[in-house]
Each structure stands twice: as C-alpha cells, then as structure tokens.
Amino acid sequence: MHVLIVEDDESLARGIQGALGRWSHTSDWARDGADALVAARTGSYDVALVDLGLPRLGGLELIRSLRRRRLALPVIIVTARDAIADRVDGLDAGADDYIVKPFHLDELAARLRAVHRRAQGNARNLVEAGALVLDTDSGEAHWQGRPLPLSRTEFLLLRALAERAGRVVARDALEQAMYGNDRVESNALEVHVHALRRKTSARAIRTVRGLGYLFAGTEEPA
C-alpha cells in the first residue's frame, strides 16, 4: 500500500511513516494541503491520511478539491478535533473515514486496511485484531503486514482469540476451537500459545491466571 501522509506535525508524520514501513507499506509526506493536492494529482496513492488543521490549504478544502477533480483517492481524516460536527463535516466533504488523535497504531492499521479493501471492492471474510489479519476463506494469516505461517491448529487457536480480542477466552473454549470433541493433552494449549508468541510477539497473547487467555495489540499509541 502506498500512502500519502498530509500532516504539518513532523514528529507525528515521521512516527506514522515508521509504522507504515514496519507494516511493509510505502509513504510520502506533504506538510501542507497545497503540496498534498499536487502530490495527489501527480502521484499514485492507495490512501491519504489528512489532518484538518493544515497551512496554506486546510484539510476540508483539500478533500473537497480532490472530489471536485473527481480524484477517487480514499481519504482518512486524522485530527484532534473530536466533535460530532467536525466528523460530519469531514465525511460530508468526501472523506472515507475519521480517526481522532491521539490514536493507537493498531487502529490506524485496521482502518487503512478497511478503507483500502472497500476501494478495491474486496469483501473477503477477514478477522482483524491489531497487527493481525486472518483470512478465514483462504486460511492465510498476516502479522504487521507480513505473511504469518501457521499450522491449522495454530490458525484455529489464533482465530478464536482474535475474534474476541481484548476479552478473556476460557481454556475450554480455546481447546474446543482447536480440537472439537477430540481428547486433548494437558499441556497442548500452552505449547501452541508459546509457539504463537514466538511467531508474533511476546505481548500478543496474555495469560489471565485461572481464567484463560486474552489477545492484545502490540503497537504503542501514537
């Protein structure tokens, strides 16, 4: 995915660029709306991340200019303005989504994927949680934008956790998802959880003693 970042805060823009790079995406950065309009007209981008409080040409006017020129570039507004009226104005101007600062990088990643899919008319059955994407049709998995090789049992376990991300999933429920009604060795679940942590992140799956496991995101807030 090639992303146009339109942001006058250099530290935030660099932070987003770093995250995009870790997710195997490329990006260009425009400091103001006027430069962004030129970049959008002359470049080829999959998504634009647009701040509202921009110099020279404000974010809303930039989006309206894109739409007047019939440029179909998907736009996600990224701003500190959290009032309902601001959200409505942004979406009415032609934005595809709206995210409020400060935001979690995992949420940004998910919104980028969703907007990009909609733009491509792609409605696959995906389970998305933080840096994880599971395609339940193909059985493919991606972590931070990279292919994640999984055994069938690992895929089933990760799906059961990701579908309830942020909530504790009981041990019995996870074993049922992995093995159905087949007999399970006493430490099988722990072995697979350990393997998934090695393949993703040590913080991806948390143990909640006496209750079960919880799938959590791994990126820090921006």
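Analyst: In helix H1 of this predicted model, the buried residues are Leu12, Ala13, Ile16, Gln17, Ala19 and Leu20. Buried here means under 20% relative accessible area. Why do they lie on the same side of H1? They cover an arc of only 165 degrees around the axis, and that puts them on the same side of H1. An α-helix has 3.6 residues a turn, so residues three or four places apart point the same way.

The helix itself spans residues 10–22, which makes 13 residues. From its first C-alpha to its last, H1 reaches 18 Å, close to the 18 Å expected at 1.5 Å a residue. Just after H1, Ser24 has a positive phi of about 70 degrees.

What do the buried residues of H1 pack against? Their partners are strand E1 (2–6), strand E2 (26–30), strand E3 (47–50) and helix H5.

H5 leads on to another part of the model. An open sheet of 4 strands has the order E6-E7-E8-E9, and its pairing is antiparallel. At the edges are strand E6 (126–129) and strand E9 (146–147), each of which pairs on one side only. H5 (residues 105–120) packs on this sheet and touches E6 and strand E7 (132–135). The direction of H5 makes about 155 degrees with that of E6. Helix H6 (residues 152–162) lies across E6, E7 and E8, running at about 120 degrees to E7. Strand E8 (residues 140–143) pairs with E9 in the antiparallel sense over 2 bridges. Trp143 has Arg146, in E9, as its bridge partner.

Technical notes: Residues are numbered from 1 along each chain as its sequence is written. This is a predicted model: local features need pLDDT of at least 70, side-chain atom pairs count only at pLDDT 80 or more; totals for chains, interfaces and linings use all residues. Side-chain values use heavy atoms; hydrogens and water are left out. Two strands pair if DSSP finds at least two bridges between them. Contact means heavy atoms within 4.5 Å. Axes are lines fitted to C-alpha atoms, for helices over the stretch in contact, and angles run from 0 to 180 degrees between N-to-C directions. The expected span of a helix is 1.5 Å times one less than its number of residues. Buried means under 20% relative accessible area, exposed over 50%, partly exposed in between (1.4 Å probe, protein chains only). The arc is that of the directions from the helix axis to the C-beta atoms.
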